[in-house]
Amino acid sequence: MVAAALLLAATFTRPLERVNSMDPILAQSVYDSRAVLLVYETPLAIDYAARPYALVPGLCELPQVSDDGRTYVFKMRAARQNDLTSRDVKRNLERLRDPANASPGGWTMKAVASLETPDDETLVVTLKEPSHVFPWMMAMSYTAVRRADGTGTGPYRLASWRKNHEMVFQSRAPIPGGFDTIRYLVINDVSTQWLMFLKGELDFLGEISRDNWDAVIAGDGQLDPRLAAEGVRLYGTPSLDVRYIGMNMRDPVLGPNRKLRQALTCAFDFEAWKKFYNGRVDFADGPVPHGVAGRLETPFPYTFDLARAKKLLAEAGYADGIDPQTGRRLTLTLSIGRASQDSREQGELLASFFAKIGIRLELAFSTWWTFLKSVNEGRVQLYMMGWVGDYPDAENFLQLFYSKNASPGPNHSNYANAAFDAAYEAAMATRDAAARNVHWRTCQEVLREDCPWIYTHFPKSYTLVRPTVENYIPSDFPYGQERYLKAGATAK
């Protein structure tokens with residue numbers, strides 16, 4: 001009866017991948033973060049509508065920063081009508097930085113030297129060294145604050161959770177014009193998602209499959225007239241993330257052989273990859289997406305070139321793809337964190353690229369959680385992954401190569417290069433943005449030669465929204481965005 005009553009209110013329904021944890025410090029995936037930030041709030045927040053993105057107060061006001069950039073003073077917002085204090089914020093940040101909790105977001109607190117609460121309204125954070133990006137981290141789901149009893153103060157509470165099937169969130173108080181109920185449905189089959197959207201059973205479709213693309217876009221490149229007639233809206237924007245094939249630098253084959261890594265990079269056929277994605281991707285020439293300050297804009301030196309790939313492969317010691325130790329074709333293994341039809345076809349396409357230079361690629365599929373565990377423990381050779389920007393700064397992408405962030409930190413490739421580290425540390429040590437960007441470009445130049453990743457693409461984000469939903473704004477930080485949505489006239 002309770003579940004039925006919930007669904008009588010204005011309800012927003014969308015598909016979402018499995019959520020693994022509602023504990024903020026364990027919210028590793030973007031799907032975890034979406035759910036967590038419905039229930040819990042962070043010290044700071046990202047303005048839903050501002051472009052460029054900007055920080056705004058969350059549980060705390062924007063901080064006061066000392067002249068040396070090492071001390072941040074956060075004041076609890078006077079307007080907050082709840083029983084949280086600065087000590088609650090401190091307790092959650094201490095959980096996040098405690099190694100015993102093994103939080104995948106522990107890296108966000110690496111720069112923190114101490115946390116102090118001189119009173120219930122004040123949190124003082126002292127850093128080991130200046131960090132211009134630290135305030136952005138205080139808006140990440142890892143830092144979301146729970147009460148001592150585990151409950152939150154966000155706009156919604158988790159009303160029911162059928163693991164791997166459905167999550168239902170109910171508003172804590174009436175939301176004028178908004179949705180009282182949020183439903184996240186785990187629907188693995190993209191064809192089922194599409195049919196449910198067409199039937200009006202879903203209000204929002206955030207990932208349009210390749211197979212359904214022609215049904216969405218007409219021959220003139222516009223939204224299909226039948227969908228437009230129903231009031232469906234299509235949003236298409238570049239996204240602040242990068243997709244890649246990571247190479248484990250601790251692997252005895254890939255790690256010490258830069259020529260081999262360069263050969264694999266030159267064997268990647270982006271035009272064929274782009275066709276596979278219906279043209280919905282941009283060429284990736286490094287880890288830093290377009291529009292981010294400090295991005296290197298010079299031509300990428302290892303674009304698709306089969307002749308060059310074969311030459312580099314021979315220089316790497318594997319002429320014609322033959323492993324001299326076995327006399328057989330060199331075989332590499334690519335780990336993939338899902339076994340969907342799309343991911344299988346992606347893997348097969350990659351295998352066809354490498355086959356053209358004589359390398360055999362084996363595909364190892366697993367569940368997402370098992371895959372992440374293997375990557376964190378360094379038990380992979382090649383792995384298919386993506387990084388969604390946590391904040392709009394080059395550091396957020398380049399930290400993935402800093403040696404001190406090796407797995408289980410965000411440097412899953414376990415990359416280590418002294419020249420890169422020196423430029424990275426120099427960038428972090430300066431408070432001058434222009435000088436910092438020079439160092440960021442140096443970091444990217446080093447990466448381009450070392451090729452620890454094959455940069456597959458920068459995704460473009462396409463979203464379908466029914467007229468049941470208003471006030472939707474595409475965002476690279478959609479976590480908890482349902483609080484800003486308005487129910488359309490036809491909402492149920």
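**Figure 1. Strand 1 has buried residues on both of its sides**. Thr11, Thr13 and Pro15 point one way from strand 1. Phe12 and Arg14 point the other way. All five of the five residues in strand 1 (residues 11–15) are buried, so the strand is mostly covered. Buried means under 20% relative accessible area, exposed means over 50%, and partly exposed lies in between (1.4 Å probe, protein chains only). Helices (H or I, at least four residues) and strands (E, at least two) are DSSP runs, numbered from the N terminus. The model is predicted: local features need pLDDT of at least 70, side-chain atom pairs count only at pLDDT 80 or more, and totals for chains, interfaces and linings use all residues. Residues are numbered from 1 along each chain as its sequence is written, and side-chain values use heavy atoms, with hydrogens and water left out.

**Figure 2. Strand 1 runs parallel to strand 10**. Five bridges join strand 1 to strand 10 (residues 181–185). Two strands pair if DSSP finds at least two bridges between them. Phe12 has Ile182 as its bridge partner in strand 10.

Figure 3. Strand 4 is joined to strand 5 (residues 71–75) by two bridges, and the two run antiparallel. Here Val65 has Tyr72 of strand 5 as its bridge partner. Strand 5 in turn pairs with strand 7 over five bridges, in the antiparallel sense. Phe74 has Leu123 as its bridge partner in strand 7.

**Figure 4. Strand 7 is largely enclosed by the rest of the structure**. This is because six of the six residues of strand 7 (residues 122–127) are buried. Thr122, Val124 and Thr126 point one way. Leu123, Val125 and Leu127 point the other way. Strand 6 and strand 7 run antiparallel and are joined by five bridges. Glu116 stands opposite Val124 of strand 7. The link between strand 6 and strand 7 is a hairpin through two residues.

**Figure 5. Ser86 is a buried residue of helix 3**. The relative accessible area of Ser86 is 0%. Contact here means heavy atoms within 4.5 Å. Neighbours within four places in sequence are left aside. Ser86 then contacts Met76, Thr117, Asp119, Asp120, Glu121, Thr122 and Leu123.

**Figure 6. Cys451 and Cys60 are buried cysteines**. Cys451 has a relative accessibility of 2%. Cys60 has a relative accessible area of 1%. The closest cysteine sulfur to that of Cys451 is in Cys266, 7.3 Å away, so the pair is too far apart for a bond. A disulfide is a pair of cysteine sulfur atoms within 2.5 Å. By this rule the count is zero disulfides.

**Figure 7. The second largest pocket holds about 470 Å³ of space**. Of the 23 residues that line this pocket, Ala102, Ser103, Pro104, Asn376 and Pro408 are closest to its centre. Helix 3 (86–97) and helix 12 (368–376) are the elements that give two or more residues to the lining. Helix 12 gives the largest share, four residues. The lining divides into eleven nonpolar, seven polar and five charged residues. Ala, Val, Leu, Ile, Met, Phe, Trp, Tyr, Cys and Pro count as nonpolar, Asp, Glu, Lys and Arg as charged, and the others, Gly among them, as polar. On a 1 Å grid over the protein atoms alone, a pocket is an open set of points with protein on both sides within 12 Å along at least five of seven lines, whereas a cavity is a set where a 1.4 Å probe fits but cannot get out; lining residues have an atom within 4 Å of a point. Grid points are joined across faces, edges and corners, and a volume is the space filled by probe spheres set on the points.

**Figure 8. The whole structure has two cavities of 30 Å³ or more**. The largest cavity has a volume of about 70 Å³. Its lining has 14 residues, with Arg18, Val19, Trp161, Met167 and Val186 nearest the centre. Strand 8 (156–162), strand 9 (166–171) and strand 10 each give two or more residues to this lining. The second largest cavity has a volume of about 30 Å³. Asp285, Gly286, Pro287, Val288, Arg295, Leu296, Gln444 and Arg448 line the second largest cavity.
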